[in-house]
Amino acid sequence: MILAPEPSSRPARAWIVAAITLAGFALRFYLLDQQHSWWDEIVTVTRAMLPLDELWTSLKFQGPSPVSTDCSPPLHHLFIHFSLLMGRTDFFLKLPNAVFGTLTIPVVYQMVRRLYGSRAGIWAALFVSLTAFHVSYSRDARWYSLTFLAATFTLWMFLAVLQDGRKRHFAFLALGAAALCYSSYTAVTLLGSLVLSLGIWRAFSSPGGKPANRRAAGVLLALLTAGVIYLPWVGGQINTYFAFHDPSVTRPFTLEGFLKLLPPFLAPHYFSQFDLRPLAVGVTLAGTAAFAARGRLFQFLVLALWTFLPVIAAYNAKIAFGLSPKYLMPLFFFLATMIGAGVDWLAGLASHTAGRFESAARWTMGAALTLALCWMSLAHYPDHFLNPLDSYKEPMSWLARQQYNARYLLFGKSRQHKAIADWYLPGVYAGAESLDATGYKRAVVLRNTGAASPEGARVINDMQTSRMGILNRAPLLIVPDSQGRWHYEDRFGDFRAYSDASKLHNVCVQPDFTNMAQYDLTAPGEVEYTFANPTGRAIEDLTVRLGVQLSRVEFITPDTVLELLAAGPDGKTVTLARVDASVFAKTGAAGTREFILKFPAELTSQGSIRFLARFHKGERNGDFALAYLAFDASFAPGSSAASMVDFDEASAYAAHIAANSQVYAYSEDSEPLDMDGPYVFDLAAPGAKQALSSYLSRHPGDRPVAALADAAGTIRFLYHDPLLQSPFMHVGGTAMPVHPATPADSGGYVLSGRLDYPVLHMGDASFPLLLKTPPGTTVTVVPGGEGRLSLRPRFTAQAFTPGQLTSYSSLRTLPGQDCLTCSSEKECRFGFSFASFFPMTEVRVVWYPRLHSDHGRHNSVTLSASVDKAEQTVLGSFRSSGSGIWDGPVRRVSVLALKKPANSLDLFFTLSGDAAQLWSGDGFEMVIEAKLDTRSAPLLPFRDMVPVWADGGSFNDFGIFTSPIRPVFFDRLEISQ
């Protein structure tokens, strides 16, 4: 007979499933944007934000993108695209997947009900609802959650068609199969398993006759309909397969390797105190026995084919991907089904002795056994929600606070960092969209920690930030050496091109990749170098030698073009070369091709020569980059006279810089408040060395942003920007005349240093700033708005300042470790104290404890707070787990939302002894931050030159940002409970 469905569930079971779904909803939506978006999610959102036509093309041809290639069809990206129309935040990025994950819970119930029974469906749904594997992927903005939903829904509808044969089931089967195809490239194996199951059902399990034939034909028609719906994307699937195809890949199956993929289905991989595998294996075996005992062998076969055919395909696919549990998704739902059936069968066996309480006992034991299997997931959630792992948010939040006078954000490798900054810092900085020779530019540089670290660089969560000033010296001078030759070369290992090129439109330097490439691959770009022949001597020959790289994937032929042109002062261009993919290998990594091009004689005879490289926009995967760029010139005989060597090249470049940028002559009499260029010191000029000495005494340790040397290699010109490394001016007890570049009232101000109720004096006016903070604190005041108080103490040997701490004793640092600990086994305590006339409304602390997890569970690190000198409240603690090993440093985030504004805050850390530590350094930086209500803060008038000095504490920096400019604070970059 045809498969008969189990009788309909009682209404009470529907309420149980609703309650389980509601619990799953809470786990999937609670603090949904708490975790940062990891790199693969950045890959997704970067493509999802494209216009729809570009999104389709970009995914179909793995089109040029600042992120890596993507390995899913477009349906998930479309959901993300429309979700982001409601808001550009992590919440809306992850919202579709949280919805899909929640909907999967009742679908699993229905699927397992069809496979085995209602009670088993409830236990399977409860397992899926609570287990961390499914919760984490429901909070992940990748295609997995949508695929989970589409796959389980399709299997449910397949079973419903065979059991009921209702028309709506055929339609839903077609829609589910089409959605599965547009969600994952693994759909073909899942749908293939259904075709095999249908053949087995028709041959062995079903009776003959029209009903069976009609249902079998309906299944095939539904799958065929799904295939027709998918036809527009078949080319995209073929492209993607060959893009990732690697014939050399082999994945030999071993039982040991296979079993290593299963534990994450039960518990987060970083929990290992309790091994749930024996219990899960026992329940799974019981579920298998239960299927056999109930005569549900065909249903078991359907599930087994649906599960293991994709697994077999994954092991045999010649694709350059490492196997991970997320790619073996059907195994998780096989496990959930077997657990549901096994729990129901075991609970039924055990409850036979309960007499008239058999039903209640069965439900109670089933719930207890399922919850036991979810125990490690439930124990994991407090850390998962309240103490997320290190993230992109921390360095992005730091960068958001560094943009007071730095307009540009540059990257060591724009392919990755640009996408992260575009998502988290939209509109805060300008990038390399347009970097021409006009104007001095202050920039913040973001690189990986493996890159060379300039002095003053700061490391935050594996990212390195620093500042640089860009002075453009274009045009470059073609001046012959004593041999009558001239040479210029750049291999792009640093940012020198920003100073030498006369124009960079949507072109950037990537020192971490040592190349120059398009900044935004979805738009054309152009770089231009201008050369001047100041001597007027005839150039006999001028050539450019450049290495061109083509980044691409296998199989897809790029359609982008690189044009190399030359031009004279009249603007008329001459094409030197046109480079496309045809000059590179047809397949595989293309490497670097060298081009040696000669400038036409009619151009070299002119006084100004230009070289241009134009990067066209492409739609198929592949983009060009310059690996190096070199120019060589030789002069006509007689051009190498000795007088040519005496050409004052340093002064000529200094003139170019002065023409391109605003530079200032230093004066001891006053200090500009908001300079838009550096000081220039001509060391050959009278009094210049004394002026430089005076400058350095006022700004000790300041490093030049540029230097020009003469022909003998002696430094002739130095350029210093006092507002670069220290964005604001130093204010002390001695009056300093300051003058604004543009007279205005302040839109806000920043104070940094040791503040002890300082009073700021401006001429005859005085402004009490009622703040008392430890050294290193930065306070941002926004009149009429919200300010910030921030302290980032560091416990490194170089940076630790005991004066930052209050009420400390029996405390010490450890050599080579960026931490504080107790000097003995006895408990120690230290804290930080803040007082502010501007009320504090919220406090956030990011801290990194580490301890030895002793078996006695004695060791601990605890954070507590006292507000307005009231009783202390514990904000968080990290305690020994009893594992017997060192745990940490572990990231903790504690947030105190004040019920009423406070004017004082005391934070205390209590360490149990010398086996407990608190870390703060590179990669583990503690952050103490409070929101301030600064609506009542006064505006500071800066209209004329006025002497400024301060009493009370010491300012390291005092900064003014004038109206209407105010600092950008991104609450979405801050993690709150």
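**A working chat about the predicted model**

Colleague: Which helix gives the most to the nonpolar patch?
Modeller: Helix α12 gives the most, with four residues. Helices and strands here are DSSP runs numbered from the N terminus (helices H or I, at least four residues; strands E, at least two). This is a predicted model, in which local features need pLDDT of at least 70 and side-chain atom pairs count only at pLDDT 80 or more, while totals for chains, interfaces and linings use all residues. Residues are numbered from 1 along each chain as its sequence is written, and side-chain values use heavy atoms, with hydrogens and water left out.

Colleague: Which residues make that patch?
Modeller: Leu221, Leu224, Val228, Leu231, Val234, Ile238, Tyr241 and Phe242 make a nonpolar surface patch of about 710 Å². Patch residues have over 30% relative accessible area and no salt bridge, with nonpolar side chains (Val, Leu, Ile, Met, Phe, Trp, Tyr) joined within 5 Å and like charges within 9 Å. Areas come from the Shrake-Rupley method with a 1.4 Å probe, and for residues only the protein chains shown count as cover. At least two of the patch residues come from each of α11 (210-230) and α12 (234-244).

Colleague: And how is isoleucine 238 classed?
Modeller: Isoleucine 238, in helix α12, is partly exposed at a relative accessible area of 41%. Buried means under 20%, exposed over 50% and partly exposed in between (1.4 Å probe, protein chains only).

Colleague: New topic: is strand β12 enclosed or open?
Modeller: Six of the six residues of β12 (residues 562-567) are buried, so the strand is largely enclosed by the rest of the structure. Leu562, Leu564 and Ala566 point one way, and Glu563, Leu565 and Ala567 the other way.

Colleague: In what sense does β12 pair with β13?
Modeller: β12 and β13 (residues 573-579) pair in the antiparallel sense over six bridges; strands pair if DSSP finds at least two bridges between them. Leucine 564 has alanine 577 as its bridge partner in β13. Five residues lie between the strands of this hairpin, where glycine 571 takes a positive phi near 90°. β12 also pairs with β15 (residues 608-615), again antiparallel over six bridges, and alanine 566 stands opposite phenylalanine 611 there.

Colleague: How many salt bridges does the rule give?
Modeller: The count comes to 31 salt bridges.

Colleague: And how many aromatic pairs are there?
Modeller: There are 47 aromatic pairs. Rings of Phe, Tyr and Trp (its six-membered ring) pair if their centres lie within 6.5 Å; planes under 30 degrees apart count as stacked, over 60 as edge-to-face and the rest as tilted. Phenylalanine 91 and phenylalanine 92 form an edge-to-face pair, 5.2 Å centre to centre with 90° between the planes. Phenylalanine 133 and phenylalanine 148 are stacked, at 6.3 Å and 25°.

How values were computed: Salt bridge = Lys/Arg side-chain N within 4 Å of Asp/Glu carboxyl O.
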